[in-house]
Each structure stands twice: as C-alpha cells, then as structure tokens.
Protein chains: 2
Amino acid sequence: MAGNLTPSFIARSAVLAMALEVSGTPKPGNIDRDHDYVGTKYEDFIASAIGVYPVMEKACSTGGIGSLILEASGESVRWQGGGNTHFGAYILLFPLIKAAMRGPVELLKENAIEIVKESTIQDAVDFYRAFSMVEVRMKDKEALTSGEKELDVGNDSSLEELDRRGITLYDILQISAKNDMVAREWVEGFRRSFMAAEKIASKRKTGTMNDATVLSYLELISEEPDTFIAKKYDLDKALYVQGLAVDVLERRMTLNELSHRLYVEKINPGSTADIVIAGIFIALLYGMKV
Amino acid sequence: MAGNLTPSFIARSAVLAMALEVSGTPKPGNIDRDHDYVGTKYEDFIASAIGVYPVMEKACSTGGIGSLILEASGESVRWQGGGNTHFGAYILLFPLIKAAMRGPVELLKENAIEIVKESTIQDAVDFYRAFSMVEVRMKDKEALTSGEKELDVGNDSSLEELDRRGITLYDILQISAKNDMVAREWVEGFRRSFMAAEKIASKRKTGTMNDATVLSYLELISEEPDTFIAKKYDLDKALYVQGLAVDVLERRMTLNELSHRLYVEKINPGSTADIVIAGIFIALLYGMKV
C-alpha cells in the first residue's frame, strides 16, 4: 500500500521542518533567528534547508539513504558558507521520507522501523563518504550539529573493511547509538522523534509555532542529556545542561537566562535540534499547520 | 537561446529570496523575523515561501503569468493561515523566472521586458481571479502586501469586459502603474528590481546578508514613496515615511527608532518589500550567496 502524501508535499514539509526548527527562538545554545555563531549564521540554515529541496523530493522515489545523505551534504554547501548545518537531521529525515511514501501516515513509525533495517553496505559506504566530507569541512568551524564526531565502528572503518565485514548503515548506527541520540533513533524506532512530534503538535494547538518549537526543545533537553554536548565536552556537561533545562521548566531560571548562559559558554544541544526537526516534520505530515 | 540556469535552481532561488526578505530585520513596518502582525506572523511568510516551490518550478516550463499567480495564491494559503503574504512578489517573480529560462542571466532584464509584453487577455482574466480570491481573503486581515487594493482598470473590470476590450495583464498593470510601484516594474523594465539587486549584491560583498537586505530596503524607501502606504493611507503618509528613511540614512534617527515608530503607527511599506524580494532573487541568479 503506497503512502497518501505526494512527494512534493513530503519534500516541502521536510524543508519547512528545517526552517521552522532553526527559526524557533530562544532555543538556548543553538543557532536560531536571533542567534548566529561565528562562521555560521541563521541564513545559512535557511539557505541550506531550501537548497536541499531536490534531494528531499528525490528521496521519495529513489536513492539509498547513504547516497541521499551524501548528496544533501554536498548540495547544502553549494547554497551557504556556514559548513555542516543539517547532517544529523538527514539521518532522521530520509528514513522518515521513505516511510511516508511506503504507506499511510498512520503507519509512519512502523514503516520507518522497517526501512532503516533494510539499509545496505552501500549505504554505509556512502554515509562514510558524506561523513568524511562534512568532517573535513568542519575543521575550520565549530561543530554545530550532531553526527560529525566520533562515530564508533570499531578500529577499522575503511570502506573495504565495511564491505568485507558486511556492515550496513544500520549496523554503524546501532554501534553508535550508545553515544549518539540521533543514531539511537534508528535502533529505538524513532522513539524521541515521535515523542517530539506529539509535544510539538499538542503545544501548537494552544500556542504559537515558535512556542511549540521552543518548549518542546526545552522538554526534550530536560528529559535526556544531549549527546552532541557529551561528545564535544563530556557527559557531565550534558547533564549540567539537562539540569538547567529542568530549572527553567520548574521556574528557577528564565528561558532567556539559560539561553544567555549557553551561548556564552558555547554549549549547543545539537542532537536535540535534530530530533526537533524530525518531530516538526512528522507533525507536518500529520497535518499540523504553522 | 535558452537560459543557463536550471528550473530547480531558479525555483529554489525564488523561494530563498522570499525567505531572506522576510528574515531581514529590523525592516521597519513590515513583518520580519522579530516582528509579527496580529493574524499574520513571520512563520506564515516562511511557510508560504516554501509552500509555493512547485509553482515556481512549474513557471520555468509552462503556465501563463496570470494562472501562475492564481495557482501560487491558492497554494500559499494551504500552508499557512496568515492570508495573503506574497501577491505583489508573484507579479515580479514570475516574469523574472520566465526571463531566466529564456536566455543567459546577462539578458535577464531584456527578456523580462519582452515577457511582460507578451502577456495575454487570459493572463488578465486569471490575474483578476487571483486578485478577487486574495481580496476576499483579506477582508478579515490587515492588508500586508501590495497588489490587493484599488487596481484601476476603468469602471468595468468584469471578465467579459476584459475579453471584449482585449485587455491584457500588461494593459492592466500599465494602467495601475501610476499608483502602484509593483505594477510600475512591468512598465519600466523592472528598473527598481534591478536597482535593488545591485544594492543588495554590492552590500553583501562587505556585510552580512541581513545588513544587505535591511539597508537596501531603507535606501529604496528613501528614494521613492511606497505606493502600498499611499493606497492604504494617502500620499502624504508615504512621503512622511520616505522622509523618515532619509532621516535614518543621514543619522538623525536610528533604524530602531524608525522601526518602532512604523510598527506602532501600523505603517508597512509593503510594495518596497516586494521590490526587495525581486532584487534578492535577481542577485541570487547572478551568483550572490547568503
């Protein structure tokens, strides 16, 4: 049974999800419409989101997930000079896009779980090519989103070795899942992405799109330590930020105070931002409007 | 001789131009990333820009300008609840898109001039259908962009009458040109759109994308009274805003003061925003990056 959404609708929803996520402000620590980083600015994220439209549409009909991540990573930097903006998001969006094409939106989760398990060795090879490209590119920049640090696949991750050992992209992300909450989504059936979608859609019913994005982001941070922070610094730092998010939710600190502190300390919960993108995307597929 | 840009690149540039224009802040009086209006917010403009992507791509190969404006106006409100966001911009973007497909970017202006003169009676009919749709929709909202008020085509503008008198879309906009600076672009060879493109591209060389957008917008307002203001209020009000923009450029008032004053007084230079969209679009076609 094919999906009931058109490729064009699905691709525009993916682009819009990326644009809405980065627009949500204040989104403590991450780039948003009112916060740039040195070398990467809000407009870079907007241009990247719009620039990859054709890859999002292509994903609806063809392309392995690895090659799509590779293609999107390349297309993104043809539109902006801020480096890697959405690598982590692609890891979530492409399986969800293919799931939306495979069946009705009610079966999105089930189909996404199926699809990641079908990933191939070629996907792993392409993923590593994308990963190396992004990593090289990030040498001059601060790492801003998840996925570009310390993906663990054992000691030997050469392409030949992946092939010899028969390692698929699913295998890679399964191994990475312990330390990477984006990879964990593949293994845990997009648990937090769908949780984010529920939070966002429900908050949107009674508040603005911006509030829905920001509050959901804050709740997600308060619930689990962000692995991008843990990889960039250490787990203690991620737990510290988690605690601060709880403080904001329990009114011991204002959102603006948290925002100010994370920007000053240069701590950005990049993996949580990727989850929020996936959540907005899912909510849009289910009919949420801005 | 065909153009050297792909439909996909042209369409993404049109979407990005709309997104960058509305992002530019502070853009006194108009909605921007930090200023919403009651009933219409920043995210509505972003969703509308991304939502009309397929119409922008379609314009590269087929569709009369009138029917494209009609289609885009309909598609826009399927993605957001803020009403008419880009009607005036479509009047400029579609001829420019078709011009980009007709020949090399160096001949963009010449081809755009040719293309608007080729507009038909059917374009006029479709334009009026779009116009009525937008007008009806705007009854509950404040008019936010140009094009939705007082397009003068004589006393009788029924569809039958247009057909009987052989009136094309070019004719309509020629008649409207006196009171509408967007319509005037069709008659004056997109003079201010290309002037805006030059300003934006040149400022982007030495400053941020946001500064390039905002300063160009300010210069444009200072050079000619905005006709959207003139139609919503009167010419005096438009001249008053023009004078204030000069004050800012000559450092007698800050940009933030002007911004605050126009929001408080609910004066939005909507036609100038449309010109800025066209200018960013042209600059992107010429190779500008965010």
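Author: To start with a term, a salt bridge is a side-chain nitrogen of Lys or Arg within 4 Å of a carboxyl oxygen of Asp or Glu. This is a predicted model, where local features need pLDDT of at least 70, side-chain atom pairs count only at pLDDT 80 or more, and totals for chains, interfaces and linings use all residues. Residues are numbered from 1 along each chain as its sequence is written, chains are lettered from A and ligands numbered from 1 in the order in which they are written, and side-chain values use heavy atoms, leaving out hydrogens and water.

Reader: How many salt bridges are there between chain A and chain B?

Author: The count between the two chains is 4. In one of them, Glu75(B) pairs with Arg12(A), and the closest N and O atoms are 2.9 Å apart.

Reader: And how much area do chain A and chain B bury between them?

Author: About 2500 Å², with 66% of it on carbon and sulfur atoms. Buried area is the accessible area (1.4 Å probe) that two parts lose on being put together, summed over both. Arg12(A), Arg33(A) and Trp79(A) supply 28% of what chain A buries against chain B, more than any other three residues.

Reader: How many residues does each chain put into the contact?

Author: Chain A gives 30 residues and chain B gives 30 residues. Contact means heavy atoms within 4.5 Å.

Reader: New topic. At what angle do α1(A) and α16(A) cross?

Author: Roughly 140 degrees, and the axes of α1 (residues 7-23) and α16 (residues 270-285) of chain A come within 8 Å. Axes are lines fitted to C-alpha atoms, for helices over the stretch in contact, and angles run from 0 to 180 degrees between N-to-C directions. Helices (H or I, at least four residues) and strands (E, at least two) are DSSP runs, numbered from the N terminus.
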